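Please open the structure in the viewer and follow the stops below in order.

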Amino acid sequence: MGAADAVPGVSGGTIAFISGFYAELIHTIRQFGPGAFGAWRRGGLQGLVRHLNLAFIIPLLAGVALAVFSVAHLAVWLMEAYPLLLDGFFFGLVAASTLVVNDARERFKWRHLIALGLGLWLARALPSLMPLLLTVGNDSLMLMLAGSIAISAMLLPGVSGSFLLLSMGLYGTIMQAIRGLDVGIIALFGGGCVIGLMLFSRLLSWLLHRHHAATMQLLLGFILGSLPLLWPWRELIRYQLGPDGQLIPLAHRYLLPGDYATLTGASAQTAGVMALMLVGALLVVALNQQAKRRTLRSRKAESNATRTSADKQE
């Protein structure tokens, strides 16, 4: 998740979804709030650990943090050195993840098309709205708002928090702050992330609990809408410059490999890109199958525990 979140166009939420722990992630984040104090008073330390699901969230956050300060550097380097190959890999990964979402949904109803269409529209519209953040004027408030928006996007499969940061013109600023351990910028951005997590996780948890099928279609729309951002052979046709002179992409033209090679005079690396698309898709299939087996084992264990408890009562 940490490595994916570092690459513009890819969402850590997608990785969580295809790995089978998306719902648990959202519901666990939601538990961090005033209710934790009540759980601590009622059950002590053990009650707090269970309430916050620390056995799940601590290893996950440790992995994300490790990736941000290690693997993410490799991902950023690959993005600069081999952009077509990296885009190809993640395009295959995200495209295959649409099948995972579609497989996980409940019985389709025609009204779910509204949620699907909303997800598609938001995935396409959000990046073009992000430059408006630069009009806030106050740098500290801008960094906190950027953190809230980016972390909220990272919770959504198909919506890249890094790409939204790139659209805001703040991607380079945040990555340099992380690399250089700029405590001031990290604290403001991190504070915004905490606020965004607390608010958005509660909204997502409520939607998944009350409107699960429609929410799954919304997530599918987000993923489908994000795919063009990962198409390897594209031409930037509209952009603006950020406050630090960074180039903020606004619109692309999507090309076939041959047209890309003719336009740029460089190799389209078609064979390598197609091979990595296949690798990304196969990785999703493998992760999803593993997640299904894990879910099946968990259900069997719960069923056995319930049966054992009933036998003891008898």
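This is a predicted model: local features need pLDDT of at least 70, side-chain atom pairs count only at pLDDT 80 or more; totals for chains, interfaces and linings use all residues.

Apart from neighbours within four places in sequence, Thr215 is in contact with Leu207 and Leu208. The residue belongs to helix H13, which covers residues 212-226. Display the side chain of Thr215 next: it reaches the backbone oxygen of His211 at 2.7 Å. Thr215 has a relative accessibility of 3% and therefore counts as buried, the limit being under 20%.

Next, select residues 139-154, helix H9, together with residues 161-168, helix H10. The two helices pack at an angle of about 145°, and their axes lie 7 Å apart. On the H9 side, the contact is made by Ala146, Ile149, Ala150, Ala153 and Met154; on the H10 side, by Gly161, Ser162, Leu164, Leu165 and Met168. Of the residues in this contact, eight are nonpolar, two are polar and none is charged.

The last stop concerns salt bridges, of which the count is two. Select Arg234 and Asp87 for one of them; their closest N and O atoms are 3.1 Å apart. This pair links distant parts of the chain, 147 residues apart, with Arg234 in strand S1 (residues 234-241) and Asp87 in helix H7 (residues 83-104). Arg234 is partly exposed at 24% relative accessible area, whereas Asp87, at 10%, counts as buried.

Then select Glu235 and Arg253, which form a salt bridge with closest N and O atoms 2.6 Å apart. Glu235 lies in strand S1 and Arg253 in strand S2 (residues 247-254), 18 residues apart. Glu235 is partly exposed at 22%, and Arg253 is partly exposed at 41%.

Key:
Residues are numbered from 1 along each chain as its sequence is written. Side-chain values use heavy atoms; hydrogens and water are left out. Helices (H or I, at least four residues) and strands (E, at least two) are DSSP runs, numbered from the N terminus. Buried means under 20% relative accessible area, exposed over 50%, partly exposed in between (1.4 Å probe, protein chains only). A polar contact is a pair of N or O atoms within 3.5 Å; within protein, one must be able to donate a hydrogen and the other to accept it, and residues adjacent in sequence count only if both atoms are side-chain atoms. Contact means heavy atoms within 4.5 Å. Axes are lines fitted to C-alpha atoms, for helices over the stretch in contact, and angles run from 0 to 180 degrees between N-to-C directions. Ala, Val, Leu, Ile, Met, Phe, Trp, Tyr, Cys and Pro count as nonpolar, Asp, Glu, Lys and Arg as charged, and the others, Gly among them, as polar. A salt bridge is a side-chain nitrogen of Lys or Arg within 4 Å of a carboxyl oxygen of Asp or Glu.
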